Amino acid sequence: MRLPYRQRPLPGCRGGPHLDGRTSCVCQDPRVIQQWWHSAVVYQVWPRSFADSNGDGVGDLRGLIGKLDHLSDLGVDVVWLSPVYPSPQVDNGYDISDYQDVDPLFGTLADLDELIACLHARGMRLVLDVVVNHTSDQHPWFVESRSSRTSPKRHWYFWCDQPPNDWTSLFAGPAWQLDEATGEYYLHTFAREQPDLRWEEPQVRAAVVDLLRWWLDRGVDGFRLDVISMISKDLDKPEGILGFGPDLHDHLHELHREVFAGRDLITVGETPGTSVEQARLLTEPERRELDMVFEFEHVSLDRGVSKWDVVPLTLPTLKRCFETWQDGIGSGWNSLYWDNHDQPRVVSRFGDDGEHRVASASTLATVLHLHRGTPFIYQGEELGMADARFTSLSDYRDLESLNHYAEAVARGQPPEQVLAALQRTSRDNARTPVQWDSSQHAGFTAGTPWIPVGSAAGTVNAAAQRNDPHSVLAHYRRLIRLRHEVPAVAYGDFTLLLPEDERVWAFTRHYEQVELLVVANLSAQHVVPALDGWQDGELLLGNLPEPGPVLRPWESRVLRR
Ligand code: TEU
C-alpha cells in the first residue's frame with residue numbers, strides 16, 4: 001500500500017521515515033538539499049480533453065476523478081491540473097475571469113475539493129496552474145480598470161496614450177490594443193482578451209498573494225506558474241515582451257516569502273526564453289524563488305525563424321542541449337519534459353509514430369526520465385499518442401494556430417503551405433481527447449467531442465495497453481517505479497557519452513557506489529554502441545524483449561553496476 005506522502009522516506013536518506021513531516025534533509029550532494037519532488041513524477045491533465053463525465057463533449061473534473069485509477073496504476077506522484085477557473089475560454093482557460101472558483105464547464109468547487117481529497121487519499125498531490133501575468137478582459141479587475149482613466153484599478157494594467165514600443169503579441173498582431181471608450185492603449189502579450197497585469201502595482205501583488213494562499217488553505221500542494229518570467233517587463237527593450245525585467249527576482253522572492261515559505265509544496269514556473277544561467281538563479285534553493293522552471297531551449301531547436309518554421313535537428317545538438325542544462329543548473333533543479341498542451345507530441349516530433357511508434361515512444365521516455373530533474377508526463381504521452389495532424393482548417397480550435405493561419409494567408413502564403421506547417425507545429429496536435437478505448441470517441445465522451453479524436457484511437461488507447469507488458473503504458477509504469485526505487489535516478493551525477501554519435505544517446509549517472517548507464521538507439525538501424533565495461537552490467541530496464549549484443553531500432557536500456 002502507498003504510504004500517504006508525508007510518511008514516505010526520501011530515497012538514499014539514511015534518516016529513515018520523516019514522521020515529523022520534515023520533507024528535506026542534507027544526505028548526499030551538499031549542494032542539493034533532497035526534496036520529495038526530486039524523486040517524484042508529475043502528470044499533466046489538460047482538462048478539456050482528458051475525460052468527459054456529462055456528455056457535453058468537453059472534459060471535466062468528475063471525468064478526471066473517474067480516471068484516478070489510471071494515474072494510481074501509472075504510479076505518478078503529482079497531478080498538474082491546467083486551468084479550470086471561470087473563463088470565457090478564449091485561450092482555453094488561460095484567460096481567467098475569477099481565480100477562486102471553477103468554471104461550470106468543468107464542474108464545481110466541491111468537485112475540486114473532492115479531487116484534492118481523492119488524490120491525497122491515494123498518496124498523490126495536486127498542483128494548480130495559475131495564470132497571473134494576465135487576466136481575462138472579463139475579469140472584474142480589468143472591467144473596473146477599463147471603466148475610466150481615473151479608475152482605482154487603472155494602474156493594475158498597462159495603459160498609455162500611445163504604445164511606447166512596437167511589440168507584437170505572441171498570438172499575432174500588435175501587443176497594444178486601443179480601448180475606444182477611454183482612448184488609451186492597453187498591453188496584451190497574448191490575445192487582446194488577455195490584458196497583462198502590472199506587477200509593479202503593490203495591490204496587484206497583494207491580490208495574487210491572497211488567491212495563492214486561498215488555494216493552499218484549500219489543500220492544493222503547489223503551483224505551475226504560467227509565463228511567470230513575463231511578470232516584470234522593460235517597456236524600453238525591443239524584445240522586452242518576453243519579460244525577465246528588472247523586478248522579476250524581487251517579485252518571486254516576495255511570493256516565496258509571503259506564500260511558499262514554510263509550506264510543503266512544489267512550485268514550477270514557465271519561463272519561455274530562459275537561459276540556464278537565469279534558470280539557476282530562479283531555482284537555487286538559497287535564493288528562495290522557485291523550485292523548478294520550464295525552459296524552452298530543447299523544444300525550440302527544430303524551429304527556424306518562427307515556431308511555425310520547422311528545421312532539421314541532429315541528435316548531437318539535442319544531446320548537447322540537455323547536457324548544458326544538466327551541468328549548468330548548479331544547486332537549482334531541472335524540470336524534464338517533451339510534451340505539454342503547447343507542444344506537438346514527441347513521438348511524432350523526435351520519434352517515429354509509424355512502424356516504430358511503441359519503441360520510439362518508450363525510448364524517448366527512458367532518455368528523458370533518466371536525466372537529472374523532475375519528469376513531467378503529458379496526458380496521452382504514456383500511451384504513445386501521436387500528433388493529430390488535422391488536414392482541414394475546420395478541425396483546428398487553437399487561437400494561436402487560427403490567428404497564425406489568418407495572418408500568414410493574409411501575407412500571401414499559400415493556404416496549403418500554412419496548413420502543412422500547422423500539421424507539424426500546432427498546439428492542437430496535443431489537444432485531441434485522451435484515447436481511453438476503441439469505442440466511439442475513444443471513450444472520452446458519450447457526446448460529440450469539442451475537437452476531433454485522433455485517427456489512431458482504435459489501436460492506440462489505454463484499454464489496449466493496460467494488460468500488455470510490451471506497451472508504452474507498461475514501460476512508463478516501470479520507468480516511474482525505477483525513479484522511486486533507485487536513488488541514482490534522482491541524484492546521480494550526469495555524464496554524457498558519445499556526444500557526436502548521430503544515432504545513439506548514451507550517458508551515465510553516478511551516485512554513491514552505484515553507476516547507471518543509459519544507452520538508447522534513436523534510429524531505425526541496428527547499432528552496436530562503442531561502450532566498454534558494461535558487459536556485466538545488470539539490466540534494470542529495457543524497452544524491447546530479449547536484449548542481445550545489438551541495439552535494435554529505437555531500443556534503449558538502463559544498466560547498473
Ligand atoms: O504558454 C506560454 C508560451 O510561451 C506559449 O504560448 C508558447 O509560446 C506557444 O504556445 C508555443 O507554441 C502559456 C500557456 O502554457 C499557454 O497555453 C497559454 O496560451 C499562454 O501561456 C498564455 O497564457
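In this tour, contact means heavy atoms within 4.5 Å. The model is predicted, local features need pLDDT of at least 70, side-chain atom pairs count only at pLDDT 80 or more, and totals for chains, interfaces and linings use all residues. Residues are numbered from 1 along each chain as its sequence is written, and side-chain values use heavy atoms, with hydrogens and water left out.

**Stop 1: H404 and its helix**

Select H404, which lies in helix α11. Helices (H or I, at least four residues) and strands (E, at least two) are DSSP runs, numbered from the N terminus. With a relative accessible area of 8%, H404 is buried; the term means under 20% relative accessible area, while exposed means over 50% and partly exposed lies in between (1.4 Å probe, protein chains only). Which residues does H404 contact, leaving aside its neighbours within four places in sequence? They are W308, V418 and L422.

**Stop 2: α11 against α12**

Widen the view to helix α11 (residues 399-410) and helix α12 (residues 415-425), which pack at an angle of about 155° with their axes 9 Å apart. This angle makes α11 roughly antiparallel to α12. Axes are lines fitted to C-alpha atoms, for helices over the stretch in contact, and angles run from 0 to 180 degrees between N-to-C directions. Angles under 35 degrees count as roughly parallel, over 145 as roughly antiparallel, 65 to 115 as roughly perpendicular and the rest as oblique.

To display this contact, select S401, H404, Y405, A408 and V409 of α11 together with P415, V418, L419 and L422 of α12. By class, the contact has seven nonpolar, two polar and no charged residues. Here Ala, Val, Leu, Ile, Met, Phe, Trp, Tyr, Cys and Pro count as nonpolar, Asp, Glu, Lys and Arg as charged, and the others, Gly among them, as polar.

**Stop 3: α10 against α14**

Proceed to helix α10 (residues 357-369) and helix α14 (residues 472-485), whose axes are 10 Å apart and meet at an angle of about 15°. The two helices are therefore roughly parallel to each other. On the α10 side, the contact is made by R357, V358, A361, S362, A365, T366 and H369; on the α14 side, by V472, H475, Y476, L479 and R483. Sorted by class, the contact of α10 with α14 has six nonpolar, four polar and two charged residues.

**Stop 4: helix α6 and its cover**

Now select L248, H251, L252, E254, L255, H256, V259 and F260, which are buried in α6. What covers the buried residues of α6? The cover includes α5 (202-217), β9, β10 (266-270) and α7 (276-283). Just after α6, G262 takes a positive phi of about 75°.

**Stop 5**

R224 is in strand β9 (residues 222-225). Is R224 buried or exposed? R224 is buried, with a relative accessible area of 2%. Not counting residues up to four places away in sequence, R224 touches W80, Y94, V127, L128, D129, V130, V268, E270, F294 and H341.

V227 lies in the loop between β9 and α6 (248-260) and is also buried, at 3% relative accessible area. Most residues other than glycine have a negative phi. V227 has a positive phi of about 30° although it is not a glycine.

**Stop 6: H441**

A further positive phi, of about 60°, is found at H441, which is not a glycine. H441 is in the loop between α12 and α13 (462-465), and at 21% relative accessibility it counts as partly exposed.

**Stop 7: W141**

Turn to W141 in helix α4 (residues 140-145). W141 is buried, with a relative accessible area of 15%. Its contacts, not counting residues up to four places away in sequence, are Y99, T135, K153, W156, Y157, L197, A207 and L211. The C-alpha atoms of W141 and L71 are separated by 37 Å, and the two residues are 70 residues apart along the chain.

**Stop 8: cysteines**

Finally, select C118 and C321. C118 counts as partly exposed at 23% relative accessibility, whereas C321 is buried at 6% relative accessible area. How many disulfides does the structure hold? The structure holds zero disulfides, a disulfide being a pair of cysteine sulfur atoms within 2.5 Å.
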